[in-house]
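Have the sequence and the 3D view open while you read.

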Amino acid sequence: MAKERFVEVYSQGIIRGTKIIVDTETGVNYLMGSNGKHAGTGLTVLVGQDGKPVVTPVKQGKNK
C-alpha cells in the first residue's frame, strides 16, 4: 500500500475547525481552517515567526 502524501497532525474544533496537515514528501506544514459546512474552507502554508514555512523533518525512503 502506498504511503499517504498528506497527514493530519493536529485538529481543533468541529463546526469551525482548524487543522494542521503535513506533506509527507516535503515536510511542509499547512494550516486549514473551515467555518462550517456552507461557509467554505481555506488552506495556507503555516509559517513561523521568521516568516519561513514550518517544515517537519520527514524520512525519505525508497518505498513510496
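What you're looking at is a predicted model, where local features need pLDDT of at least 70, side-chain atom pairs count only at pLDDT 80 or more, and totals for chains, interfaces and linings use all residues. Residues are numbered from 1 along each chain as its sequence is written, and side-chain values use heavy atoms, with hydrogens and water left out.

**The sheet**

- Four strands make up an open sheet, in the order β1-β2-β3-β4, with antiparallel pairing. (Strands are DSSP runs of E, at least two residues, numbered from the N terminus; two of them pair if DSSP finds at least two bridges between them.)
- β1 (6–12) and β4 (41–45) sit at the edges with a single partner strand each, so one side of each has no neighbour in the sheet.
- From one strand to the next, the twist averages 25°. (Axes are lines fitted to C-alpha atoms, and angles run from 0 to 180 degrees between N-to-C directions.)

**β1 and its partner**

- β1 and β2 (residues 18–23) run antiparallel and are joined by six bridges.
- Across from F6 you'll find D23 in β2, and across from V7 there's V22 in β2.
- The two strands β1 and β2 form a hairpin with five residues between them, and G13 in the turn has a positive phi of about 85°.

**The aromatic pair**

- How many aromatic pairs does the structure hold? There's one: F6 and Y30, edge-to-face, at 6.4 Å centre to centre with 70° between the planes. (Rings of Phe, Tyr and Trp, using its six-membered ring, pair if their centres lie within 6.5 Å; planes under 30 degrees apart are stacked, over 60 edge-to-face, and the rest tilted.)
- F6 belongs to strand β1 and Y30 to strand β3 (residues 29–34), so the pair ties together parts 24 residues apart in sequence.
- F6 counts as partly exposed, at 44% relative accessibility, and Y30 is partly exposed too, at 21%.

- V9 lies in strand β1.
- Is V9 buried or exposed? With a relative accessible area of 52%, V9 is exposed.

Conventions. Buried means under 20% relative accessible area, exposed over 50%, partly exposed in between (1.4 Å probe, protein chains only).
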